[in-house]
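Me: I am new to reading protein models. Could you walk me through a few features, one at a time?

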Amino acid sequence: MLKINNLHASVEDKAILKGINLDVKPGEVHAIMGPNGSGKSTLASVVAGKEEYEVEEGEILLDGENIDELGPEERAHKGVFLSFQYPVEIPGVTVTNFMKTAINETRKAKGLEDMPANEMLKMIREKSEMLEIDRKFLSRSLNEGFSGGEKKRNEIFQMAMLEPKLAILDETDSGLDIDALRIVANGVNKLKSKDNAVIVITHYQRLLDYIVPDYVHVLYNGRIVKSGTKELAHELEAKGYDWIKEEVGA
Amino acid sequence: MSKYTEDDLREELKTKEYEYGFYTDIESETFPNGLNEDIVRAISKKKDEPEWMTEWRLQAFKVWKEMTEPEWANVHYEKPDFQAISYYSAPNSKPKYDSLDEVDPELLATFEKLGISLDEQKKLAGVAMDVVVDSVSVATTFKKTLAEKGIIFMSISEAIQEHPELVKKYIGTVVPQKDNFYAALNSAVFSDGSFCYIPKGVKCPMELSTYFRINQAGTGQFERTLVIADEGSYVSYLEGCTAPSRDENQLHAAVVELIALDNAEIKYSTVQNWYPGNAEGQGGVYNFVTKRGLCEKNAKISWTQVETGSAVTWKYPSCVLKGDNSVGEFYSIAVTNNFQQADTGTKMIHLGKNTKSTIISKGISAGKSQNSYRGLVQISPRAENARNFSQCDSLLMGNECGAHTFPYIEANNKSAQIEHEATTSKIGEDQIFYCNQRGIDTEKAIALIVNGFSKEVLNKLPMEFAVEAQKLLEISLEGSVG
């Protein structure tokens with residue numbers, strides 16, 4: 001589904017990604033771990049198409065199509081979803097209105113009519129129940145005055161509504177207490193199917209107890225330096241990142 | 001060549017008078033350029049006005065001659081040459097075009113986006129109508145319903161003929177002739193405008209809108225509006241049109257006076273979309289408007305405005321809260337793009353006891369434009385327990401525009417409670433990217449953010465107007481982020 005070949009990317013002439021290779025197949029969950037500043041969030045942004053990042057080399061293929069020239073909204077229309085580490089506030093725009101716009105814009109891009117209001121309401125009800133979201137929450141301005149946990153839950157709610165092919169969760173666990181973490185993880189697990197894929201970017205192994213990855217990759221200094229199964233995450237949890245750094249340095 | 005003096009002008013005018021013979025019998029539909037007493041008389045005569053009205057205009061003209069154009073506003077423009085303007089041309093005289101094919105396609109595209117019917121498009125663009133339009137009969141039915149309630153709604157010229165006692169009693173009572181330079185000018189030369197009277201205890205059963213929108217197009221540059229809500233009555237009045245007006249008149253100096261008698265309520269909503277000039281800042285309308293309302297006991301006046309047009313805007317819809325317990329409200333969205341300049345806000349003059357005012361102003365600046373809020377909250381010594389809440393928010397797009405806030409507060413009574421909040425924010429690339437990532441393109445994202453920002457004011461507009469206004473905001477900001 002997602003194939004990244006020898007990806008080099010920079011921001012303001014500073015090289016951040018230095019040759020990433022990654023192959024994510026439908027139905028798989030991949031975890032990307034690594035110390036601060038290793039390029040995890042950059043990788044997420046580059047795949048989503050953030051314009052400040054310059055792709056210097058390599059390619060990103062989605063279902064075999066090079067998406068390098070596509071704008072972020074076009075990638076979204078093709079089913080790429082990014083759960084933001086720091087979701088932005090949009091005052092005066094309710095969660096419901098935002099979702100309605102997002103869904104209908106995506107449908108429009110596919111040549112479909114707007115989703116009928118009753119269908120939209122039904123979907124909102126189902127998805128908010130699944131994520132244990134209070135309906136009142138949906139009439140609030142997007143992320144304005146939300147707690148850290150609310151913001152993250154809202155990201156997963158949006159993911160549920162948009163039903164993406166490829167979801168990238170950027171540090172979705174940060175700022176969550178254990179109950180919120182469980183709810184969010186359950187939500188992600190319910191959304192998983194044999195046709196979609198999830199990339200979980202995280203610092204800690206904690207989230208991976210709930211969202212169990214098929215593969216774990218360690219990103220360090222702009223490269224994937226080690227890949228393995230979920231046991232690798234446990235090893236990292238126990239031993240930290242220093243041994244990896246040494247291995248790479250050696 | 002020696003300097004062209006006023007004497008020369010007078011001389012020239014005299015010859016012209018003779019040439020066209022307009023002093024006694026005016027054939028021409030457009031007066032020669034320039035302004036003097038004779039022109040003022042001629043306007044009044046052309047409209048068959050009674051003597052008192054002519055005198056009133058002349059008085060205004062005398063005052064105007066002694067005044068100078070104000071310079072305190074935060075706007076810069078080349079001052080109009082008041083002797084180079086023609087002060088009368090018959091409204092709606094001849095169609096400008098024979099068919100829609102001749103109309104600027106860009107203008108038509110905008111009509112399309114606003115969802116304006118074909119017939120109305122023709123009317124607005126000044127196209128000759130070959131079919132009898134629905135609107136005519138709509139307007140007639142409308143008038144009938146209103147008449148049954150005793151509501152008077154007609155052009156001010158008609159009102160001067162048919163209800164001179166009402167016009168004479170109220171005109172100039174809220175905005176006196178000498179109020180300011182443009183108000184004085186308007187008082188001397190106003191071409192036409194609207195008049196509305198709601199009798200005691202009557203709630204006007206409809207928004208005075210459709211009718212107005214159709215009749216609005218083509219009215220002159222010096223409009224005069226007078227709305228009187230008698231005791232215990234209510235009216236919601238909609239002015240302007242979301243459709244772009246490609247008016248050739250450079251200068252617009254309108255006056256609007258509202259009078260809300262005891263326990264009456266007037267809701268006055270405006271959408272202003274005059275030609276803002278091109279992207280290089282050439283052309284566009286100078287919009288210098290004086291709007292003010294007077295509230296008697298327990299009365300309420302709400303001004304709601306969406307200002308997206310004009311090259312230069314100078315406008316402060318105000319409330320004089322004379323009666324005890326009266327309420328004044330001002331809700332405004334002002335959008336400036338490219339080289340537009342707006343200096344707009346309100347004055348809330350608290351005279352009565354327990355008077356209350358609310359000001360919510362949303363300024364949106366893009367391109368190289370300058371957008372200023374200027375507001376005065378004045379509490380007089382006898383206004384016990386007066387309260388005001390003001391909120392001024394500015395939204396900036398890009399790095400070349402400006403937002404300015406000039407709040408003036410004069411509290412002369414210790415019991416006054418005044419609150420002022422102000423914020424400035426910028427549409428961030430992060431917000432845009434977030435929207436993009438959810439499948440919303442940049443243009444739509446800006447519209448969404450701007451509508452969210454303006455929501456508190458949009459909510460104050462009558463429903464059908466609000467939808468149009470929302471679309472208008474989107475169109476006004478098109479291409480503002482590259």
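**Reading a loop residue, a cavity and phi**

Reply: Let's start with B:Ser369, which is found in the loop between S14 and S15 of chain B; strands here are DSSP runs of E with at least two residues, helices are runs of H or I with at least four, and both are numbered from the N terminus. This is a predicted model, where local features need pLDDT of at least 70 and side-chain atom pairs count only at pLDDT 80 or more, while totals for chains, interfaces and linings use all residues. Residues are numbered from 1 along each chain as its sequence is written, chains are lettered from A and ligands numbered from 1 in the order in which they are written, and side-chain values use heavy atoms, with hydrogens and water left out.

Me: Is B:Ser369 buried or exposed?

Reply: Buried means under 20% relative accessible area, exposed means over 50%, and partly exposed is in between (1.4 Å probe, protein chains only). B:Ser369 has a relative accessible area of 0%, so this residue is buried.

Me: Which side chain makes a polar contact with that of B:Ser369?

Reply: A polar contact is a pair of N or O atoms within 3.5 Å; within protein, one must be able to donate a hydrogen and the other to accept it, and residues adjacent in sequence count only if both atoms are side-chain atoms. Here the partner is B:Thr336, at 2.7 Å. Leaving aside residues up to four places away in sequence, B:Ser369 also touches others (heavy atoms within 4.5 Å), including B:Phe339, B:Gln340 and B:Cys401.

Me: How do I look for empty space inside?

Reply: Rolling a probe the size of a water molecule over the atoms shows where empty space is left. On a 1 Å grid over the protein atoms alone, a cavity is a set of points where a 1.4 Å probe fits but cannot get out, and lining residues have an atom within 4 Å of a point. Points are joined across faces, edges and corners, and a volume is the space filled by probe spheres set on them. The largest cavity has a volume of about 100 Å³. Of its 17 lining residues, B:Ser361, B:Gly363, B:Asn371, B:Ser372 and B:Tyr373 are the closest to its centre.

Me: And what should I notice about phi?

Reply: Most residues other than glycine have a negative phi. A:Asp13 has a positive phi, near 65°, and sits in the loop between strand S1 (2–11) and strand S2 (14–24) of chain A. At 79% relative accessibility, A:Asp13 is exposed. B:Asn385 also has a positive phi, near 55°, in the loop between S15 and S16 of chain B. Its relative accessible area is 43%, so B:Asn385 is partly exposed.

Key:
1 Å grid on protein atoms, 1.4 Å probe; cavity = no way out; pocket = protein on both sides within 12 Å on 5 of 7 lines; lining within 4 Å.
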